[in-house]
Amino acid sequence: MATADLNLTNETFDDGLESILIRRKGGRIIGGRTLNMTGFTEDKVKGGHIIIQSTTDDYDVRPLPVSNGAFGALPERFEYAGILVRTVSAKDPRAAIQYDGEINDKAMPYPLTDTLKAALKSALPSLYFQHD
């Protein structure tokens, strides 16, 4: 089970894209989730990152792996859960996850390929990707 240290000092992250990431707020996982950071090597998970969930453990929620500056493949026994609403530290991975609404695909931290967009649309049919 993922855990978070509630005694950490506050950190602020702003890459300039978070304010335009969520085009239309929609459904979110109530109460959020603490992300399992196993295998994730970056010091923060940026807003717009794709979040996945185990099909065998409701509490195993984690960022989609990243490889060579791009979203990686969906691991076996995982499904798409939604999009991370705002950047979180890897040391304090308490996450708000949106599964419905409209996301600015150009503000996501890694390119969203047509194949990945189709897979997300199939898994999360009420989540739309648009941009100006």
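Student: Which residue in S11 stands opposite Ile-83?

Tutor: This is a predicted model, in which local features need pLDDT of at least 70, side-chain atom pairs count only at pLDDT 80 or more, and totals for chains, interfaces and linings use all residues. Residues are numbered from 1 along each chain as its sequence is written, and side-chain values use heavy atoms, with hydrogens and water left out. Strands S8 and S11 pair in the antiparallel sense over two bridges; a strand is a DSSP run (E, at least two residues), a helix is one of H or I with at least four, both numbered from the N terminus, and pairing needs at least two DSSP bridges. In S11, the residue opposite Ile-83 is Gln-98.

Student: What is the order of the strands in the open sheet?

Tutor: Strand S4 (residues 50-54) is joined to S8 (residues 78-84) by five bridges, and the two run antiparallel. S4 also pairs with S5 (residues 61-63), over three antiparallel bridges. The edge strands, each pairing on one side only, are S5 and S11 (97-98). The four strands of this open sheet therefore have the order S5-S4-S8-S11.

Student: Is strand S4 largely enclosed or open to the outside, and how many of its residues are buried?

Tutor: Buried means under 20% relative accessible area, exposed means over 50%, and partly exposed lies in between (1.4 Å probe, protein chains only). In a regular strand, side chains alternate between the two faces of the sheet. Both faces of S4 are covered, with Ile-50, Ile-52 and Ser-54 buried on one side and Ile-51 and Gln-53 on the other. S4 is largely enclosed by the rest of the structure, because the buried residues number five of the five.

Student: At about what angle to S8 does helix H2 run?

Tutor: Helix H2 (residues 114-123) lies across both S4 and S8. Angles run from 0 to 180 degrees between N-to-C directions, with axes fitted to C-alpha atoms, for helices over the stretch in contact (heavy atoms within 4.5 Å). The angle of H2 to S8 is about 100°.

Student: What is the relative accessible area of Asn-68?

Tutor: Asn-68 is in the loop between S6 (66-67) and S7 (70-71). Its phi is positive, about 55°, although Asn-68 is not a glycine. Asn-68 is exposed, with a relative accessible area of 80%.

Student: Where does Arg-77 lie?

Tutor: Arg-77 has a positive phi, near 65°, and is a residue other than glycine. Arg-77 is exposed, at 57% relative accessible area. Its place is the loop between S7 and S8.
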